[in-house]
Amino acid sequence: MALLRFVFLFILISFSASAQKDYKLWLQYHTVSNSAIASEYKNNSKGIAILGNSETIKIAEKELKTGFWDMLGNVPEIKSEVKGESDIIVGSRSNLNSEIKKELQSDFGKINNEGFIIKTISSKSKKQIIITGKNDVAVLYGVFNFLRILQTNKSVTNLNIVDSPRTNIRILNHWDNLDRTVERGYAGFSLWNWQKLPDFIDQRYVDYARANASVGINGTVLTNVNANALILTPQYLEKVEALANVFRPYGIKVYLTARFSAPIEIGKLKTADPKDSEVIDWWKNKAAEIYKRIPDFGGFLVKANSEGQPGPQNYGRDHVDGANMLADAVAPFGGVVMWRAFVYSEHDANDRAKQAYAEFQPYDGKFKENVIVQVKNGAIDFQPREPFHPLFGAMPKTPLMMEFQITQEYLGFSTHLVFLPKLFQEVLESDTYQKGKGSTVAKVVDGTLYQNKLTGIAGVANIGNDLNWTGHPFAQANWYGFGRLAWNPYLDSEIIADEWLRSTFSNDGNFIKPIKNIMMKSREAVVNYMTPLGLHHIMDTGHHYGPGPWVSNLSRPEWNPTYYHKADEKGIGFDRSKSGTNATAQYAPEIEKLFDNLETCPEKDLLWFHHVSWDYKLKNGQTLWNSLALKYQEGVNQVREMQDVWSKAEKYVDSERFKEVKMLLEIQHKEAKWWRDACLLYFQQFSGKELPAEVERPTQTLEYFKSLKFPFAPGNG
Ligand code: GCV
């Protein structure tokens, strides 16, 4: 009996230990194996001086203590003033002594309000590391960065890091509904327990804020863009206030989605016309009410006149009227309005890819100063690959912010291992040519191309109440990577993968090298087995899970996959060149020319811009049909390689995460084959050609694939 109890206890402890690992994200703080670092702090500690006593500074102190304890096995003495010698001094500029301030004067000149300095300075006989910034949140960012240096086994001697975020708003967009379902959410239910708020503060709210602060995310939109006006009622604002209080010391502002018809739905007005004086007053009062509770409230995010959401056009007004009215309401309090450009209409027969540009570009320069237009990375909808959205660079007088999707609506949900920073980097590096060569999307987003003051990057969150936050252990890397790129849109995704793997799993080079390699290839793999060569939006209806290239019966033409691939006996692809919808003309002339010509169009985007004959020869000398089939096969092979590499990682990873990833890769493999077989069988009806020998033969019929139904697939709003 005693033995049984012991075994049970042992199982329980080891289960919760590895469950905790999943929960701890990239803040594992493994024991440091770099002996130089270890000995520097282990034996010789002269303590850490922590200056200031704000809540934020207390968080920084706690983080350092946790980090030192977990990584080095000791907690250095914490001092509250600079007396005698200390190894590290942590505090904002105003708390530093004049000697150190003078030493760092020029560095302070280089950072913005959220930037930090981590610097080793030698004075007299001692060497000290100073972690500082212009305010306490900046100091907290510095502390997290310092701990990352330890976590990733980098040297801490002679540090000289002077770093600032390149964008102002680094924000998660939660598509969370008030009933706790999450639109396009694949990691459980919403973190926000509205029923128990404001009185019950779940520890997860704190841990969420901590994780975000560790990568520099400074904003969160709590609610779905398909908005519910109830969030703006006092009953809910009290709950929002409670969350804002938790997030504030971590430097995170709360934002809400504003349902445009809220004045009618909760304000009992007859209209929501943005030019109506009662409506204008209603929003002004609402803003004042919110700011009374939450003085640092960030502002509103709005999806208007898009996919059935109400908006100014319901009253014969336009997006500018709507955005500016809301902007006036929050302006006295320093708030902003993030107005989404994700619009397309069932009444517009024009190519859906052209509609957002056609509607928004003429508004350039017409928005108020505190409006920023939020644009998805591509012109359709978060596909595995899209050319950059033509609005980037095309609105010089309007701040534009990037909207990425971290949740994997069209990328295998939280079942597939897809390292998204690679996708994000591809978009950010794209050259728009709008102000000559080098006018990259990153420069539009960080405001340097047109000197915009208001800048931002949003990511549709992949977070839910699953034990490991994101469903797939590797999907944590997408949250992490989003934060790192929002801070610095020029960061290489390989560096992000490296940091994340080291902080999350292990610093062992034998683990890092192969696993980083599969992460880096994983995005191309999903493109290959879902939508190679520029195909897009051929997912099944509604839930977007699995292939559905045959779907053609939906009421709106542009919801049907057949609208996008246009496969017929002659070939496949959407002609967006001059001979087609002329969407290419929305780009700068250099890019227009490149995309417009079948010969120069990058092959990865070929079927996005051209309807191409099945016999057309690609650069590899193969016909389009063969190339398409080979790409699908390559995608499957790449997943096999991922499985193979992961199977050798067992000794570096705790058994729970090892098994989770192994099982998920098995599903990914199964689904990659499903995609390949279903799409090739379907397209083969048009090409009428045999599969090349290298492509494995489908084991099911097209009819079988068409018959698959998933009425309860998650995340379908
Ligand atoms: C929140 C796509 C998604 C919708 C989403 C919409 C948007 O259409 O499928 O779930 O709605 O984008 O970004 O507004």
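Strands E3 (residues 88-90) and E5 (residues 126-133) run parallel and are joined by 3 bridges. Strands here are DSSP runs of E with at least two residues, helices are runs of H or I with at least four, and both are numbered from the N terminus. Val-90 has Ile-131 of E5 as its bridge partner. The model is predicted: local features need pLDDT of at least 70, side-chain atom pairs count only at pLDDT 80 or more, and totals for chains, interfaces and linings use all residues. Residues are numbered from 1 along each chain as its sequence is written, and side-chain values use heavy atoms, without hydrogens and water.

E3 and E5 belong to an open sheet of 6 strands with mixed pairing, in the order E2-E1-E3-E5-E4-E6. Strands E2 (78-79) and E6 (160-163) stand at the edges; each has a single partner strand, so one side of each lacks a neighbour in the sheet. Pairing requires at least two DSSP bridges between two strands. Helix H6 (residues 136-151) lies across E3, E4 (116-123), E5 and E6. Its direction is at about 130 degrees to E5. Axes are lines fitted to C-alpha atoms, for helices over the stretch in contact (heavy atoms within 4.5 Å); angles run from 0 to 180 degrees between N-to-C directions.

The ligand is surrounded by 15 residues, each with a heavy atom within 4 Å of it. The closest are Glu-183, Lys-303, Arg-340, Lys-376 and Glu-409. A ligand oxygen atom is 2.4 Å from a side-chain N or O atom of Glu-183. The corresponding distance is 2.9 Å for Arg-184 and 3.2 Å for Asn-226. The protein covers 96% of the 340 Å² of accessible area (Shrake-Rupley, 1.4 Å probe) that the ligand has on its own.

How values were computed
A polar contact is a pair of N or O atoms within 3.5 Å; within protein, one must be able to donate a hydrogen and the other to accept it, and residues adjacent in sequence count only if both atoms are side-chain atoms.
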